[in-house]
Amino acid sequence: LDQLERLARIEPGSAIAGHLDLQHVGIVGHSLGGATAVQAMAGDPRFRVGVNLDGKLFGSEPDARLERPFLWIQSDLTQTAEYTDTRDRFLASQQGRATLLTIRKSMHLGFTDDPSYLTPLGRDLVGAKAGMGSISLADMTTMTGDAISAFVAPFLGVGAERSLDEVVVRH
């Protein structure tokens with residue numbers, strides 16, 4: 001964020017210089033990126049909202065008190081005790097500002113573009129073994145994108161088409 005704030009001075013010809021609203025910033029990450037989202041929010045109050053896509057927490061991250069809204073989206077995969085213990089500790093420390101959402105029939109790599117490399121038959125045959133699940137890339141992208149948009153929009157000062165409850169019911 002510091003670099004983006006300096007962008008107009010450093011690169012005045014940049015296509016995005018002067019077009020960023022750095023007063024309304026959120027952070028989203030998958031896997032290790034989800035843990036990074038927690039760490040970034042813990043260290044920088046300019047992030048108003050955060051999302052973790054199926055990321056395991058490490059070190060002191062489970063004890064972080066963000067005091068801002070946070071959405072934890074996880075796969076339907078049976079999680080390890082370490083994953084659930086650190087997740088539950090983190091969510092409890094958010095004092096009601098965190099939401100947990102599980103995408104049924106999903107797996108960890110389903111949050112990436114990996115499912116695009118398999119046909120529907122391939123996802124059914126090897127999706128689980130490959131850690132992708134049986135949900136198509138289009139459906140997974142729509143579900144997670146709609147959920148993230150519905151959750152973060154009110155905290156970033158933009159209107160959402162639907163609430164998170166409406167998105168979850170629809171899918």
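I looked up Ile-16 and found it partly exposed, with a relative accessible area of 41%. The model is a predicted one, and I read it as such. I placed Ile-16 in the loop between helix 1 (2-10) and strand 1 (25-30).

Gly-13 has 72% relative accessibility, so I count it as exposed, the cut-off being over 50%. I took a distance from there to Leu-91. The two C-alpha atoms are 42 Å apart in space, and the residues are 78 apart in sequence.

Next entry: aromatics. I searched the whole structure and got four aromatic pairs. I took Trp-72 and Tyr-83, which pair edge-to-face. Their centres are 5.9 Å apart, with 85 degrees between the planes. The pair links distant parts of the chain. Trp-72 belongs to strand 3 (residues 70-75), Tyr-83 to helix 3 (residues 81-93), and 11 residues separate them. Are these two buried or exposed? Both are buried.

I turned to Phe-151 and Phe-155, a tilted pair. I noted 5.7 Å centre to centre and 50 degrees between the planes. Phe-155 is at 34%, so I list it as partly exposed.

I also checked for a cluster. Phe-70, Trp-72, Tyr-83 and Phe-90 form one aromatic cluster.

Last entry: the whole chain. I counted six helices and four strands. From the N terminus the order reads α-β-α-β-β-α-β-α-α-α. The radius of gyration is 17 Å, close to the 16 Å that the globule rule gives for 171 residues, so the chain is as compact as a globular protein of that length. Along the principal axes, the C-alpha atoms fill a box of roughly 55 × 35 × 30 Å.

Of the 171 residues, 40% are buried. Among contacts with a separation of 6 or more, 56% come from residues 24 or more positions apart. The accessible surface comes to about 9,500 Å². Carbon and sulfur atoms hold 54% of that surface.

Technical notes:
Residues numbered from 1 in each chain as written. Predicted model: local features only at pLDDT ≥ 70, side-chain atom pairs only at ≥ 80, totals over all residues. Heavy atoms only, no water. Phe/Tyr/Trp six-rings, centres within 6.5 Å; stacked < 30°, edge-to-face > 60°. Helix = DSSP H or I, 4+ residues; strand = E, 2+ residues; numbered from the N terminus. Buried < 20%, exposed > 50% of the residue type's maximum accessible area, 1.4 Å probe, protein only. Rg over C-alpha atoms; globule rule 2.2 N^0.38 Å. Contact = heavy atoms within 4.5 Å. Areas by Shrake-Rupley, 256 points an atom, 1.4 Å probe, with all protein chains shown as cover.
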